Amino acid sequence: MGLFTQLATLPLAPVRGVVWVAERVQEAAENEYYDPAPVQRALAELERGLQAGEIDEEEFTRREEELLDRLAEIQAYWQSR
């Protein structure tokens, strides 16, 4: 961006700043939402619950499918970037 362009668009600087902040917030939210670590921890906790007898096989299977679907969604997101 040249000096003239910067001067001509100076009144838009606050808008550009807000857009920049909104993009950083979106980026941070996406990184947190698509982080596989919480899902992997939930899978490990689910396995521990099954082995400890806290949940039955049916509940384990149902929740495991949900978590695996979520992991597939996360992998698809990262592969598409």
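**View A. Glu66 and its salt bridge to Arg62 in this predicted model.** Glu66 is partly exposed, with a relative accessible area of 46%. Its partner here is Arg62, and the closest N and O atoms of the two residues are 2.8 Å apart. Arg62 also counts as partly exposed, at 42% relative accessibility. Both residues sit in helix α4 (residues 57-80), and because they are four residues apart, about one helical turn separates them.

**View B. The network around Arg62 and Glu66.** Salt bridges with shared partners tie Glu59, Arg62, Arg63 and Glu66 together into one network. Counting through the whole model gives seven salt bridges.

**View C. Glu45 and Arg48 on helix α3.** Now for another helix. Helix α3 covers residues 37-51 and carries both Glu45 and Arg48, three residues apart, or about one turn of the helix. Their side chains meet in a salt bridge, at 2.6 Å from N to O. How accessible is Glu45? Glu45 is partly exposed, with a relative accessible area of 44%. Arg48 is partly exposed too, at 38%.

**View D. Arg48 again, this time with Glu54.** Arg48 has a salt bridge with Glu54 as well, and here the closest N and O atoms are 3.2 Å apart. Is Glu54 buried or exposed? At 53% relative accessibility, Glu54 counts as exposed, since the cut-off for that label is over 50%. Arg48, with its 38%, stays in the partly exposed class.

**View E. Helix α4 from end to end.** With 24 residues at 1.5 Å a residue, α4 should span 34 Å.

**View F. The buried residues of α4.** Which residues of α4 are buried? They are Phe60, Leu67, Arg70, Leu71, Ile74 and Tyr77. What do these buried residues pack against? Their packing partners are α2 (13-33) and α3. Back on α4, Arg70 is on the buried list, whereas Arg62 is partly exposed.

Key: Residues numbered from 1 in each chain as written. Predicted model: local features only at pLDDT ≥ 70, side-chain atom pairs only at ≥ 80, totals over all residues. Heavy atoms only, no water. Salt bridge = Lys/Arg side-chain N within 4 Å of Asp/Glu carboxyl O. Helix = DSSP H or I, 4+ residues; strand = E, 2+ residues; numbered from the N terminus. Buried < 20%, exposed > 50% of the residue type's maximum accessible area, 1.4 Å probe, protein only. Expected span 1.5 Å × (residues − 1). Contact = heavy atoms within 4.5 Å.
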